[in-house]
Amino acid sequence: MSIGTSLSLAADLLRQDELVAIPTETVYGLAGNALSPDALVKIFEVKNRPTFDPLIVHCKDRKDLEKYVLEIPAWASALMDQYCPGPLTFLLDRQKNIPDLVTSGLPRVAIRIPAHPLVQQLLQRLPFPLAAPSANPFGYISPTEALHVHAQLGGKIPYILDGGPCGIGLESTIIGEEEGRLVIYRAGGLAIEELERLCGPLERRLGSSAPHAPGMLQSHYAPKKKLLLGNLEKLCMEYPEASVLSFQISLPDRKNLVLSPQGDMKEAARNLFAYLRQLDISPEPLIISELVPEYGLGPAINDRLLRASTPSL
Ligand code: TXA
Ligand code: MG
């Protein structure tokens, strides 16, 4: 297994139904040929992911995307004009050329156009789109650097394409239509309030369970250690041995990572998964943290923190 920036090696491997970890602007993905059942089976095996949890298809551009969906409704077309390529995934009725394994047999396919220049160049070289879940073992924190992928899936895949740290750091926002209403299924790297500026009020069905909605399982994005959420001052007194992940304030005399000293929500999003990883491997026995304010990417960050946290505490 190696890490590098060779597009030709990555493309060759993918043409042979091998898997390659790819950088995207959101998080690193574990990519395989979306049209090849052999490659798709490998994705589920390497990730240890249940096959009822469907995969996102990554296309180079809108023309390519049109080959795999029955139609692009007006709402999706307007959003694509504004935000694609970018961190937005559409749930659209699929064409028959999308294998059942991609959608877990569901009628809609989750499909997006990633913006990262390296994955764009890779897609330009390939005659097929890429299916890619986040490149972490099922249920663990998503990787935002090539080395994160290496730490967890190294040895299981032949190549990691290194595109540097991900610029956004949270998975894509997922949107679809149900009975004429637009629904957000996963808060992600594109703020819901930004989408609402174009689409009007959106229904949020975050965390509803698969198979009809994205597999937003209660426990997900989780570190191995206990993560407790709440009032930091109180938690600090109760758990003097814990490390701290705070939003803006820094705490003296203990291991503390600050998501964004300036309170910049984009910076906080970019740091979230990497910091959770750091605290997961540091010597302190548990992590304490707090929810962030609910503006911009705040709801998406809080969604990940809540899923990463230890329930009932
Ligand atoms: O930013 C992202 O979206 C990253 C990068 C690699 O593109 N990918 C990602 O994939 O986060 P994954 O597999 O970790 O999360 C995809 C979510 C899952 O919760 C899955 O259940 C949902 O999308 N999903 C995929 N296809 C679906 C479908 N046909 N219907 C409903 N939910 C679907
Ligand atoms: Mg994931």
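The model is predicted; local features need pLDDT of at least 70, side-chain atom pairs count only at pLDDT 80 or more, and totals for chains, interfaces and linings use all residues. Residues are numbered from 1 along each chain as its sequence is written, and side-chain values use heavy atoms, with hydrogens and water left out.

**Confidence**
- The average pLDDT (the predictor's confidence in each residue, from 0 to 100) is 94 for the protein, and 95% of the residues score at least 70.
- Residues 209–215 have a pLDDT below 50, and this stretch has 12 contacts (heavy atoms within 4.5 Å) in the model beyond near neighbours in sequence.
- Where pLDDT is low, the predicted coordinates should not be read in detail.

- Domain 1 covers 2–204 and domain 2 covers 226–308, with bounds that come from an automatic or database domain assignment.
- Between the C-alpha centres of domain 1 and domain 2 the distance is 27 Å.
- Contact between the two involves 22 residues of domain 1 and 15 residues of domain 2.
- Together the domains bury about 1400 Å² (accessible area, 1.4 Å probe, that two parts lose on being put together, summed over both), and 57% of it is on carbon and sulfur atoms.
- Of the area that domain 1 buries against domain 2, 35% comes from Ile141, Leu170 and Ala187, more than any other three residues supply.

**Across the interface**
- The rule finds one salt bridge (a side-chain nitrogen of Lys or Arg within 4 Å of a carboxyl oxygen of Asp or Glu) across the interface of domain 1 and domain 2.
- On the side of domain 1 that touches domain 2 there are 10 nonpolar, eight polar and four charged residues, where Ala, Val, Leu, Ile, Met, Phe, Trp, Tyr, Cys and Pro count as nonpolar, Asp, Glu, Lys and Arg as charged, and the others, Gly among them, as polar.

**Salt bridges**
- The whole structure holds 16 salt bridges.
- Arginine 304 and glutamate 171 meet through their side chains in a salt bridge, at 2.9 Å from N to O.
- Arginine 49 and aspartate 53 form a salt bridge whose closest N and O atoms are 3.5 Å apart.
- Both aspartate 53 and arginine 49 are buried, meaning under 20% relative accessible area (1.4 Å probe, protein chains only).

How values were computed:
Chains are lettered from A and ligands numbered from 1 in the order in which they are written. Buried means under 20% relative accessible area, exposed over 50%, partly exposed in between (1.4 Å probe, protein chains only).
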